[in-house]
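Please walk through the disulfides of this structure, and then through the contact between its chains.

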Protein chains: 2
Amino acid sequence: MYCLVKFAPLFLAVAVCNGWLFGDFVGKLKELDEISLWPLPQKFQSSAVAFKLSPARFQIVQAKQSSTGPSCSILENAFRRYFEYIFGDLKKPEKSRKKVYDSDLVELQVWVTSPDPECDGFPSLQTDESYELSVDEPSAVLKAANVWGALRGLETFSQLVYEDDYGVNNINKTDISDFPRFAHRGILLDSSRHFLPLKVILANLEAMAMNKFNVFHWHIVDDHSFPYMSRTFPELSQKRKGAYHPFTHVYTPSDVKMVIEFARMRGIRVIPEFDTPGHTESWGNGQLLRPCFHSTYRSCRESNPDIQKFMVQQGFGTDYSKLESFYIQRLLDIVAATKKGYMVWQEVFDNGVKLKADTQIHVWKGRPQYQDEMAQVTAAGFNALLSTPWYLNRISYGQDWVNIYKADPQNFTGTDAQKKLVIGGEACLWGEYVDATNLTPRLWPRASAVAERLWSDKSVTDVDNAYNRLVQHRCRMVKRGIPAEPLFVGHCRQEYKGL
Amino acid sequence: MYCLVKFAPLFLAVAVCNGWLFGDFVGKLKELDEISLWPLPQKFQSSAVAFKLSPARFQIVQAKQSSTGPSCSILENAFRRYFEYIFGDLKKPEKSRKKVYDSDLVELQVWVTSPDPECDGFPSLQTDESYELSVDEPSAVLKAANVWGALRGLETFSQLVYEDDYGVNNINKTDISDFPRFAHRGILLDSSRHFLPLKVILANLEAMAMNKFNVFHWHIVDDHSFPYMSRTFPELSQKRKGAYHPFTHVYTPSDVKMVIEFARMRGIRVIPEFDTPGHTESWGNGQLLRPCFHSTYRSCRESNPDIQKFMVQQGFGTDYSKLESFYIQRLLDIVAATKKGYMVWQEVFDNGVKLKADTQIHVWKGRPQYQDEMAQVTAAGFNALLSTPWYLNRISYGQDWVNIYKADPQNFTGTDAQKKLVIGGEACLWGEYVDATNLTPRLWPRASAVAERLWSDKSVTDVDNAYNRLVQHRCRMVKRGIPAEPLFVGHCRQEYKGL
């Protein structure tokens, strides 16, 4: 009989239930510091009883009852990844060290319960990412409906492990029941203003998984360059105006496939963005666009006699917003035919373009005020995604993660029905001032603040508590090879080994 | 007969003198872009005539007339370093490829003219860093009074080399006569608020040499930690309050020696800072400090009966500024006895502490206004160093390098004699928010803006021209392995290979 307690409001309370000493746990501040779960699970209970993990004996395995099997590579890969996160890059243990002690935790059993575990699937907006984790001797059990929840639980399990003074890995008796507050938790990276080498994109997908993000919004092309190598329209990237360089600064179809698969293995879906009707200057030399008779976009379409003729034919008069509506409608029809979803930036909604009911509106304008727009979008019945307070390319001196952390996508005046239309948000790192040299430390751990806001319960708002956990979480990312920058004065047990 | 022209004011003019076509050079914009000297030399003239450099044949050698010999390791090391910067990490050339073509530049002769070349010396504030460089077939000649000027000229020579469309290294016929505007051109790094692994410090010394900086101001200890392992007072770093960790977060005597030697090889002197009387909290557990009866420094000294007794003995009454003067005087006497120079932060001057005439005052307060303080310090006859506009730890969104670039240490109301007391400045990167994960891209190329201000002629102020050169210079740093961040949208031929 477990007693699951909502963690946040009881954090400093001394609660005793069914023999679990919450107070003891709070008393052991050192271990608490070192556990430092991020983002904080929805329901969490721990005891002072600790088990030891031996790299020679401990293993992560599929439970006998699990609907997955040995061919479920998404799990098998994750097991190896998390074993290495926990124990580092160790040599194969010697066989003689197989003796098990009473205080050992010998295995983590991963139990996928749904008949279809989705081993070969892709995560979606409807994906159930919930999981339950019970750590007790001699085995810990992680239970989830599908592999996606199992991935989230593996990350949490790895965060529960801490080193004692002898360098031995310990884990406390723990019960967790967890699920995300929002279904869409994204990071936008921009590979047009600066080309981002694959290595950087993959490292950031790893960091995203450490923070339970589940959407990589890939702003792959824009006015500045077209690094996407299209099979259908290869000239878009190969002509001089396309990519910065047609060989060294492009993503080939196999690169893109690799990014999608690397992301899938971490429960992340990739949303590629081909921004249109604006932001298409780099497409020009591929001859996809209509000829332009002026230099700017708006005057461009107005100066083209074919477009003027079309306006008359359609009865649009001189109302170019009708032309835009027509264009967007046609485009969304095409996208809908491929059975893919569609997101639009808020201008399309603001400009009064007629939209399909299931369109997702991405709110980004009006920093720092986003409340009115969120209220209007949801009042009109559309799904809303928030990014306004999370333009992480914008930097300032000091601990700016605090305001990032305080913003809440449901903090606007509206009905419960409106609040339910908020599907999440995205941290955006536009590329004007970032490339491979500085992207990763600029994004992390600032994006971690967004991660907790989108995953954890809305009551999790204590900045001091968040600071203490986030300091440890960023050191954990550093230990795992991610150059996440410091929040403030201090140190990590293992400092970053790179440059 | 060479005609040396001051570069900046004639940059866009078409000047013809002694057969040198300045205009041709300006016309060849592509090569100009790729040459991108940084910081700009004092006198510079180039022609459109280009020579090719073959990695199989080209060499950097000591001139026969040079006062240096094969044992001058500072030069021999620099030759290897700059050969690699120019050609990359190449295998040994095959012997058969020794044929020389007419259009080849086959060698750079380095000619040190002073009887004492200072091969085993250290740079100082009085060091002559001037050099003359003449690139012509079949040899280029670099002439300097000592090895320090030769190092500066080698950097300039390497910056003159550019790749043509075939990837072949070219260099144009060029004459340069160069010297620094200010003698003290420094970077301050702080290893107390965050420990900086040696690797990071060494990489930044390399970047400093690429920008002709000559002082590494090492703010090695402060309140937050004492990573300096003292032979005389080992407890300062070894006790728990000292270093963040007594083994993993310290600089051993041999580490410090290595930093000093690595810097010396690049013409950089190391100024270690042990800030006092404030900023000494981390010294406490080493028992060097007087017992404190209150928690803050000021109340500390006022509460200590021994100090109160001492005040009475010295006839200071209750004027603690007299105590401070006494302390500083004693300290500077001790430092003077070691024949080392001394710098103090401006507060010591502002507080009216009596100072020796040759004290250097480091101006850092009052952002963005520094003019009054510079005027006062120099009016009082002291040497002044500027850092106020160059606190590079302070960041903001956008191209903040422009204001960094525009600040000028002699931009204050004062006599010529006062202006001459300005010995230079320092770019400071305080450690609250930086460590190994983000230090290098946050410092470069923003510190490069300071480098040009302190080296080049005061007339070199054209921001557009600087932008074009700095974009190329930062790509050069990236190519050499320094993760210098981008100024704005664009790309480098070779993007950064790390994370």
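**Disulfides and the chain interface**

B:C72 and B:C119 are joined by a disulfide, with an S to S distance of 2.0 Å; a disulfide here is a pair of cysteine sulfur atoms within 2.5 Å. The torsion about the S-S bond of B:C72 and B:C119 is about -105 degrees, so this disulfide is left-handed. The pair links distant parts of the chain, 47 residues apart: B:C72 sits in the loop between β4 (59-62) and α3 (73-87) of chain B, and B:C119 in the loop between β5 (107-112) and β6 (131-135) of chain B. Helices (H or I, at least four residues) and strands (E, at least two) are DSSP runs, numbered from the N terminus. B:C72 counts as buried at 1% relative accessibility, and B:C119 counts as buried at 12%. Buried means under 20% relative accessible area, exposed over 50%, and partly exposed in between, with a 1.4 Å probe and protein chains only.

The model is predicted: local features need pLDDT of at least 70, side-chain atom pairs count only at pLDDT 80 or more, and totals for chains, interfaces and linings use all residues. Residues are numbered from 1 along each chain as its sequence is written, chains are lettered from A and ligands numbered from 1 in the order in which they are written, and side-chain values use heavy atoms, with hydrogens and water left out.

Chain B also has a disulfide between B:C475 and B:C492, with an S to S distance of 2.0 Å. The torsion about the S-S bond of B:C475 and B:C492 is about -85 degrees, so this disulfide is left-handed. B:C475 lies in helix α17 (residues 463-479) of chain B and B:C492 in the segment after α17, so the pair ties together parts that are 17 residues apart in sequence. B:C475 is buried, with a relative accessible area of 13%, and B:C492 is buried at 1%.

In chain A, a disulfide joins A:C72 to A:C119, S to S 2.0 Å. Its S-S torsion is about -105 degrees, so the disulfide of A:C72 and A:C119 is left-handed. Both A:C72 and A:C119 are buried. With the bonded cysteines of chain A numbered in sequence order, the pairing is 1-2, 3-4. Over all chains, the structure holds four disulfides.

How many residues does each chain bring to the contact? Chain A gives 45 residues and chain B gives 45 residues, where contact means heavy atoms within 4.5 Å. The area buried between chain A and chain B is about 4100 Å², and carbon and sulfur atoms give 61% of that area. Buried area is the accessible area (1.4 Å probe) that two parts lose on being put together, summed over both. In chain A, the residues that lose the most area to chain B are A:Y397, A:Y433 and A:L499, together 23% of what that side buries.

Four salt bridges are found across the interface of chain A and chain B, a salt bridge being a side-chain nitrogen of Lys or Arg within 4 Å of a carboxyl oxygen of Asp or Glu. A:D435 forms a salt bridge with B:R474, with the closest N and O atoms 2.8 Å apart. On the side of chain A that touches chain B, α5 (198-210), α15 (439-443) and α17 (463-479) of chain A each supply at least two residues.
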